[in-house]
Amino acid sequence: RQLDVLDRRLSETTYLAGGHYSIADIAVWSWYGQLVLGNLYNAAEFLAVHEYPNVQRWAQAIAARPAVQRGTRVNRTWGDESSQVPERHSAAALEVNGIRLMRGVYKKVKACAGVRTGKWVHAWGH
């Protein structure tokens, strides 16, 4: 039933709250998006997720976002070791071959928000 409600809503809009990515998508994707992509419970076949094309489109679009790809690595302790960041104590934990993945996000947030604290800020979707 819930996948049907989501699919009907997503047949009308790109994202749950309308035309723009929002906190609603972040909250719902972490459960339903991962579920329909087959990343949770192996329940995709049982729930017939292939019957919900709008949920599939939405889940794939969000999964392709660079910030979501970074975020799904944090606290991961399973799967391919290169996709895991079991503990994150600094931004360096998200480095790949010496390239800090958070650098562009930090500068953008710092410039937009006037933040001068020197802290790394995780900005979803930017």
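I looked up which residues of helix 3 are buried, and Asn54, Val55, Gln56, Trp58, Ala59 and Ile62 are. Buried means under 20% relative accessible area, with a 1.4 Å probe and protein chains only. Helices are DSSP runs of H or I with at least four residues, numbered from the N terminus. I note that this is a predicted model, in which local features need pLDDT of at least 70 and side-chain atom pairs count only at pLDDT 80 or more, while totals for chains, interfaces and linings use all residues. Residues are numbered from 1 along each chain as its sequence is written, and side-chain values use heavy atoms, with hydrogens and water left out.

Next I checked the cover. Helix 1, helix 2 and helix 4 (66-71) are among what covers the buried residues of helix 3.

I then took helix 2 (residues 23-36) against helix 3 (residues 53-63): their axes, lines fitted to C-alpha atoms over the stretch in contact, come within 9 Å and cross at roughly 110°. That makes helix 2 roughly perpendicular to helix 3, a term for angles of 65 to 115 degrees. On the helix 2 side, Asp25, Val28, Trp29, Gly33 and Val36 make the contact, which means heavy atoms within 4.5 Å. On the helix 3 side I listed Val55, Gln56, Trp58, Ala59, Ile62 and Ala63.

Not counting residues up to four places away in sequence, Trp58 touches Leu10, Thr14, Tyr15, Leu16, Asp25, Val28, Trp29 and Gly33.

Key: Axes fitted to C-alpha atoms, helices over the stretch in contact; angles between N-to-C directions. Helix = DSSP H or I, 4+ residues; strand = E, 2+ residues; numbered from the N terminus. Parallel < 35°, antiparallel > 145°, perpendicular 65-115°, else oblique. Buried < 20%, exposed > 50% of the residue type's maximum accessible area, 1.4 Å probe, protein only.
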